[in-house]
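Please have the sequence and the model open side by side as you read.

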Amino acid sequence: LEDELRHAHKMEAIGRLAGGVAHDFNNLLTIVTGSIHLIRGLPAGDPMIGGYVDEIQAAVDRATALTRQLLAFSRKQPSRPEVLDLNEVVSELGGLLARLIGNRITVRTELAPEPVRVRADRGHLEQVLMNLAVNARDAMPDGGTLCITTGMTGPFAKLAVADTGCGMPEHVKAKIFEPFFTTKEMGKGTGLGLATVHGIVEQAGGGIEVLTAPGAGTTFHIRLPAVTAPTPPPVTTPGAAPVSVR
Ligand code: ADP
């Protein structure tokens with residue numbers, strides 16, 4: 001029943017969202033069409049062309065992020081969990097994240113020396129990283145550092161995403177996981193990014209803690225149940241009596 005309710009709520013949310021997304025999309029397409037029109041009017045090799053191409057790229061990136069979010073949020077298909085090493089997921093996505101985030105922000109990764117295994121859906125984990133990275137980018141308009149850390153604490157795998165951005169006051173922090181809560185200007189935020197992150201982490205049996213203060217940056221600490229590797233069979237030396245370890 002809880003599942004059904006959550007889904008109904010989600011569908012209602014998606015319905016409300018559709019109009020807004022269509023509107024955002026139109027704005028982005030207007031940018032793309034406008035830039036193409038301007039490029040067409042220039043002689044080949046004109047130095048202005050690069051700037052217009054950048055604008056097209058930025059609009060396409062926004063549109064891609066928007067559809068990804070909407071798709072992830074509206075996904076009804078059950079997740080396909082598999083055993084994944086967070087270190088691998090982070091390093092494979094690193095290039096895309098850096099591109100998404102732009103060159104004014106340094107992306108650093110601090111990966112645990114051992115594999116950090118969790119049972120999760122790969123697409124979901126990528127979505128979590130993408131959403132947190134996009135928010136970090138938006139919080140650092142003048143540049144900064146995004147640091148992604150993996151590790152273990154007890155039975156949990158840890159994934160931390162830290163930025164050196166604007167941070168949040170308490171009244172914002174209290175609402176960030178609510179669907180449609182956004183402080184971004186019209187057309188820039190959907191308010192679905194962290195609602196999606198929260199849903200994914202909960203579904204995987206984990207939790208999220210947020211450390212933030214205005215001007216002091218923000219760190220999202222995510223905990224997921226770790227999958228411990230099967231213990232290798234004991235090494236037996238021929239002739240030696242098996243040693244029992246207490
Ligand atoms: P959106 O990014 O579309 O606004 P989110 O659910 O991803 O939606 O985020 C909700 C709000 O949480 C943002 O509008 C912003 O105010 C705040 N927020 C999220 N991440 C950060 C961050 N890293 N630094 C500062 N504020 C953040």
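## Helix packing and surroundings

The crossing of H3 and H4 is right-handed; a crossing is called right-handed if the near helix is turned clockwise from the far one by less than a right angle, and left-handed if anticlockwise. H3 covers residues 86-101. On the H3 side the contact is made by Val89, Val90, Leu93, Leu97, Leu100 and Ile101, and on the H4 side by Arg122, Leu125, Glu126, Leu129, Ala133, Val134 and Arg137. Two residues are in contact if their C-beta atoms, placed from the backbone, lie within 7 Å. By class, this contact of H3 with H4 has 10 nonpolar, no polar and three charged residues. Here Ala, Val, Leu, Ile, Met, Phe, Trp, Tyr, Cys and Pro count as nonpolar, Asp, Glu, Lys and Arg as charged, and the others, Gly among them, as polar.

A word on the source: this is a predicted model, in which local features need pLDDT of at least 70 and side-chain atom pairs count only at pLDDT 80 or more, while totals for chains, interfaces and linings use all residues. Residues are numbered from 1 along each chain as its sequence is written.

H4 also packs against H6, and the crossing of H4 and H6 is left-handed. His124, Gln127, Val128, Asn131, Leu132, Val134 and Asn135 in H4 meet Gly193, Leu194, Thr196, Val197, Ile200 and Val201 in H6. The classes in the contact of H4 with H6 are seven nonpolar, six polar and no charged residues. Val128 is in contact with Val197, Ile200 and Val201, leaving aside its neighbours within four places in sequence.

The table sets out the geometry of both pairs; axes are lines fitted to C-alpha atoms, for helices over the stretch in contact, and angles run from 0 to 180 degrees between N-to-C directions.

| Helix pair | Angle | Axis separation |
|---|---|---|
| H3 and H4 | about 35° | 10 Å |
| H4 and H6 | about 145° | 9 Å |

Now for the whole chain. The protein chain has six helices and seven strands; helices (H or I, at least four residues) and strands (E, at least two) are DSSP runs, numbered from the N terminus. Along the sequence they follow the pattern α-α-β-α-β-β-α-β-β-α-α-β-β. Of the contacts in the protein chain with a separation of 6 or more, 72% are between residues 24 or more positions apart. The protein chain has 246 residues, of which 24% count as buried. A residue is buried if 20 or more other C-beta atoms lie within 10 Å of its own, exposed if 12 or fewer, and partly exposed in between, with C-beta atoms placed from the backbone.

Which residues touch the most other members of the largest nonpolar core? They are Leu86, Val128, Leu129, Leu132 and Ala133, in a core of 35 residues. H3, E3 (117-120), H4, E4 (144-153), E5 (156-163), H6 and E7 (218-225) each supply at least two residues of this core. H4 gives the largest share, eight residues. A nonpolar core is a set of buried Ala, Val, Leu, Ile, Met, Phe, Trp, Tyr and Cys residues joined through C-beta atoms within 7 Å.

Is H6 largely enclosed or left open? H6 is largely enclosed by the rest of the structure, because eight of its 11 residues are buried. Those residues are Gly193, Leu194, Ala195, Thr196, Val197, Gly199, Ile200 and Val201. H6 is followed by Gly205, with a positive phi near 80°. Phe180 also has a positive phi, of about 75°, although Phe180 is not a glycine. Phe180 is in the loop between H5 (170-173) and H6, and counts as partly exposed because it has 14 C-beta neighbours inside 10 Å.

Finally, the ligand. Of the 23 residues around the ligand, Asn135, Ala139, Thr182, Gly189 and Gly193 come nearest; a residue counts as near if its C-beta atom, placed from the backbone, lies within 6 Å of the molecule. The elements giving two or more residues to this shell are H4 (122-139) and H6 (193-203). H4 gives the most, with four residues. The shell around the ligand divides into 10 nonpolar, 11 polar and two charged residues.
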